[in-house]
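Please read them alongside the sequence and the coordinates.

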Amino acid sequence: MNGPLLQVTDRGLYCEAGDFFIDPWRPVDRAVITHAHSDHARRGHAQMLCAPDGVDVLRTRMLPGAVIDAVPYGQPVAHHGVRVSLHPAGHILGSAQVRVEWRGEVWVVSGDYKLSPDPTCQPFEPVRCQTFITECTFGLPIYRWAPQARVADELNTWWRGNRDAGRHTVVFAYALGKSQRLLAAADPTLGPIVCHGAVERVNAEYRTGGIELPPTRRVTDLTREELARGGVLVIAPPSAQGTPWLRRFQPCETAFASGWMLVRGTRRRRGVDRGLVLSDHADWPGLLAAIEATGCQRVLATHGHTAVLVRHLRDRGYEADSLHTEFVGEGDDGEQESPEPSSGNPTEPLVAESAAPEPTTSEPAGGVP
Ligand SMILES: [Zn+2]
Ligand SMILES: [Zn+2]
């Protein structure tokens with residue numbers, strides 16, 4: 001093997017020495033899957049490896065009969081002399097970073113990750129390495145998340161106010177990960193919580209996986225009085241906007257939960273009353289802290305505003321570069337509610353730099369270094 005330990009090929013991030021791919025975007029024989037969001041977990045691979053917490057969630061997104069092996073966090077497996085191990089990424093249930101070691105060389109592929117606490121998955125664990133391939137969805141200094149407790153307060157205070165005014169509260173969030181995190185933050189003593197079917201399916205997978213979530217009700221179980229009174233918290237995927245299912249909850253106030261909500265233009269475009277700034281990706285300080293914690297010398301940045309992060313890291317003495325991949329970051333594609341296997345057409349290939357849903361020039365919300 002002459003090339004680097006991991007390299008981008010037309011089918012995805014490839015380890016030639018071990019002959020496997022990590023989150024490949026075309027069907028391959030052997031794929032290590034960091035997590036079940038659709039831009040990382042495509043269908044059609046002959047064999048997949050993931051963390052045990054992620055197996056059930058991943059399986060429901062694959063074709064029937066998909067071969068998925070699970071390896072516990074931290075336990076290395078060897079393939080052609082290459083040691084591979086998975087480590088918690090703190091992104092969603094079962095999300096993993098991938099550590100690859102060969103002849104004394106150690107690379108870590110972050111997958112998607114966040115450092116903020118999240119009761120619905122294992123916390124991010126820094127892994128020492130020489131080369132760190134990091135996601136960089138929110139790789140601009142303007143992106144700084146408020147503590148999770150403050151977002152929970154905001155959600156519950158708003159819900160209580162709506163309830164007292166006889167209105168329902170509707171939050172749009174991606175079905176896998178974000179919705180469960182919101183649910184875990186909601187105060188069930190305030191009123192009934194109803195999740196859209198796409199969210200409820202994932203809730204069931206989380207509960208099976210031992211994650212405690214507040215009780216949820218089916219809309220059909222609500223009494224006419226409960227619907228008329230207002231005060232229901234509804235969690236639904238963005239695609240439920242404007243559907244008959246949602247029209248039952250009137251009058252209501254709406255919000256969209258996403259890191260992009262930090263930028264005002266996105267909120268307007270989504271046509272909701274408010275934004276809840278809640279992301280399952282690292283913010284700018286989180287990215288820098290995660291990179292530092294690896295002790296690495298070299299950083300390769302994927303999806304998002306990689307150029308800014310790369311420049312920032314080079315100024316601080318790192319060897320840094322952008323890595324051209326087809327991951328899409330938070331939102332518009334990859335973290336949609338999971339498509340059904342029948343509709344699993346590959347989407348238009350996107351390159352990391354052009355895939356950022358929010359142009360950096362849209363809002364004067366802060367400075368770029
Ligand atoms: Zn993801
Ligand atoms: Zn991603």
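**Notes on the predicted model**

1. Thr134 stands opposite Ala301 in S17. That pair belongs to the parallel pairing of S11 with strand S17 (residues 298–304), which has 6 bridges; strands count as paired if DSSP finds at least two bridges between them. Helices (H or I, at least four residues) and strands (E, at least two) are DSSP runs, numbered from the N terminus.

2. This is a predicted model: local features need pLDDT of at least 70, side-chain atom pairs count only at pLDDT 80 or more, and totals for chains, interfaces and linings use all residues. Residues are numbered from 1 along each chain as its sequence is written, while chains are lettered from A and ligands numbered from 1 in the order in which they are written.

3. On confidence, the protein chain has a mean pLDDT of 89, with 89% of its residues at 70 or more; pLDDT is the predictor's confidence in each residue, from 0 to 100. Residues 336–369 stay under 50, and for them the model has 62 contacts beyond four places in sequence. A contact here is a pair of residues whose C-beta atoms, placed from the backbone, lie within 7 Å.

4. The protein chain holds 10 helices and 18 strands. Of its 369 residues, 50% are buried. A residue is buried if 20 or more other C-beta atoms lie within 10 Å of its own, exposed if 12 or fewer, and partly exposed in between, with C-beta atoms placed from the backbone. Among contacts with a separation of 6 or more, 62% join residues 24 or more positions apart.

5. How many residues of strand S11 (residues 131–136) are buried? The count is 6 of 6. Thr131, Ile133 and Glu135 lie on one side and Phe132, Thr134 and Cys136 on the other, and both faces are covered. In a regular strand the side chains alternate between the two faces of the sheet. S11 also pairs with strand S10 (residues 105–109), in the parallel sense over 3 bridges, where Val108 stands opposite Phe132.

6. S17 in turn runs parallel to S18, joined to it by 4 bridges; Arg298 stands opposite Glu319 in S18. Strand S18 (residues 319–322) has Ala320 and Ser322 on a covered face, whereas Glu319 and Asp321 are on an uncovered one.

7. An open sheet of 6 strands has the order S1-S2-S3-S4-S5-S6 and mixed pairing. Its edges are strand S1 (7–9) and strand S6 (68–70), each of which pairs on one side only. From one strand to the next the twist averages 35°. S1 and strand S2 (residues 12–15) are antiparallel, with 3 bridges; there Thr9 has Gly12 as its bridge partner.

8. Another open sheet has 5 strands in the order S13-S14-S12-S15-S16, with parallel pairing. Strand S13 (193–195) and strand S16 (274–276) are the edge strands, each pairing on one side only. Neighbouring strands are turned against each other by 25° on average, direction ignored. Strand S12 (residues 168–172) and strand S14 (residues 233–236) pair in the parallel sense over 4 bridges, and Phe172 has Ala236 in S14 as its bridge partner. Helix H2 (residues 148–164) packs on this sheet and touches S12, S14, strand S15 (252–257) and S16; the directions of H2 and S12 make about 145°. Axes are lines fitted to C-alpha atoms, for helices over the stretch in contact, and angles run from 0 to 180 degrees between N-to-C directions.

9. Leaving aside neighbours within four places in sequence, its contacts are Val151, Glu154, Leu155, Val171, Ala255, Ala257 and Met261. The C-alpha atoms of Leu276 and Leu262 are separated by 8.1 Å, and the two residues are 14 residues apart along the chain.

10. The axes of helix H3 (residues 178–185) and helix H4 (residues 197–208) come within 9 Å and cross at roughly 75°. H3 and H4 are therefore roughly perpendicular to each other, a term used for angles of 65 to 115 degrees. Ser179, Gln180 and Leu183 of H3 meet Val199, Val202, Asn203 and Tyr206 of H4. By class, this contact has 4 nonpolar, 3 polar and no charged residues. Ala, Val, Leu, Ile, Met, Phe, Trp, Tyr, Cys and Pro count as nonpolar, Asp, Glu, Lys and Arg as charged, and the others, Gly among them, as polar.

Conventions. Angles under 35 degrees count as roughly parallel, over 145 as roughly antiparallel, 65 to 115 as roughly perpendicular and the rest as oblique. Two residues are in contact if their C-beta atoms, placed from the backbone, lie within 7 Å.
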